[in-house]
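Please look through the sequence and the model shown here. The report after them describes how the chain is folded and which side chains meet.

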Amino acid sequence: MNIWVEYWKMKTTENKNYHAQSQPIKWESPDKKDIFKRFCQDREQASSFAKSMQEQGYHVSIKTDGFGGI
């Protein structure tokens, strides 16, 4: 099974003048050319890398291809 982290720079349309409950943050899907990928040896390494990238201001997603082998 392959495990990788996809990450991209955060872009939100949040207006800082609104209270959190009065105006939801709108999600904008990233452009495929703006998504970076990093392959990892295991889920623990992927989680550690994802946490690090989140702390640096990136959206992250841990992905797997579902093939486990024998």
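**Basis of the description**

This is a predicted model, in which local features need pLDDT of at least 70 and side-chain atom pairs count only at pLDDT 80 or more, while totals for chains, interfaces and linings use all residues. Residues are numbered from 1 along each chain as its sequence is written, and side-chain values use heavy atoms, with hydrogens and water left out.

**The whole chain**

The protein chain has 1 helix and 3 strands. Here helices (H or I, at least four residues) and strands (E, at least two) are DSSP runs, numbered from the N terminus. Along the sequence the pattern reads β-β-α-β.

Of the 70 residues in the protein chain, 17% are buried. Buried means under 20% relative accessible area, exposed means over 50%, and partly exposed lies in between (1.4 Å probe, protein chains only). The protein chain exposes about 6000 Å², and carbon and sulfur atoms supply 48% of that area. Accessible areas come from the Shrake-Rupley method with a 1.4 Å probe; for residues, only the protein chains shown count as cover.

A contact means heavy atoms within 4.5 Å. Among contacts in the protein chain between residues at least 6 apart in sequence, 80% join residues at least 24 apart.

**Helix H1**

Helix H1 covers residues 43–55, which is 13 residues. From its first C-alpha to its last, H1 reaches 18 Å, close to the 18 Å expected at 1.5 Å a residue. The expected span is 1.5 Å times one less than the number of residues in the helix.

Which residues of H1 are buried? They are Ala46, Phe49, Ala50 and Met53. Seen down the axis of H1, these buried residues fall within an arc of 100°, so they line one face of the helix. The arc is that of the directions from the helix axis to the C-beta atoms. The face of H1 turned away from the buried side carries the exposed residues Glu44, Ser48, Lys51 and Glu55.

What do the buried residues of H1 pack against? Their partners are strand E1 (3–9), strand E2 (36–40) and strand E3 (58–64). After H1 comes Gly57, which has a positive phi, near 95°.

**Aromatic rings**

A pair of aromatic rings is described by the distance of the centres and the angle of the planes. Rings of Phe, Tyr and Trp (its six-membered ring) pair if their centres lie within 6.5 Å; planes under 30 degrees apart count as stacked, over 60 as edge-to-face and the rest as tilted. By this rule there are 4 aromatic pairs.

One of them joins Trp4 and Phe39: the pair is tilted, with 5.6 Å centre to centre and 40° between the planes. Trp4 lies in strand E1 and Phe39 in strand E2, so this pair ties together parts that are 35 residues apart in sequence. Trp4 counts as buried, at 14% relative accessibility, whereas Phe39 counts as exposed, at 56%.

The rings of Tyr7 and Phe49 have their centres 5.4 Å apart and their planes at 75°, so this pair is edge-to-face. Tyr7 is in strand E1 and Phe49 in helix H1, 42 residues apart, and the pair links these distant parts of the chain. Both Tyr7 and Phe49 are buried. Ring pairs also link Tyr7, Phe36, Phe49 and Tyr58 into a cluster.

Two rings have a charge over them. The charged end of Lys9 sits over the ring of Tyr58, 4.7 Å from its centre. The charged end of Arg38 sits over the ring of Phe49, 4.5 Å from its centre. A charge sits over a ring if NZ of Lys or CZ of Arg is within 6 Å of the ring centre and within 35 degrees of the ring normal.

Trp8, in strand E1, is buried, with a relative accessible area of 10%. Ala50, in helix H1, counts as buried at 6% relative accessibility. Val60, in strand E3, counts as partly exposed at 23% relative accessibility.

The table gives a C-alpha to C-alpha distance for each.

| Pair | Apart in sequence | C-alpha to C-alpha |
|---|---|---|
| Trp8 and Phe36 | 28 residues | 6.2 Å |
| Ala50 and Val5 | 45 residues | 6.6 Å |
| Val60 and Ala50 | 10 residues | 6.0 Å |

Leaving aside neighbours within four places in sequence, Ala50 is in contact with Val5, Val60 and Ile62. With the neighbours of Val60 within four places left aside, Val60 is in contact with residues including Val5, Tyr7, Ala50 and Met53.
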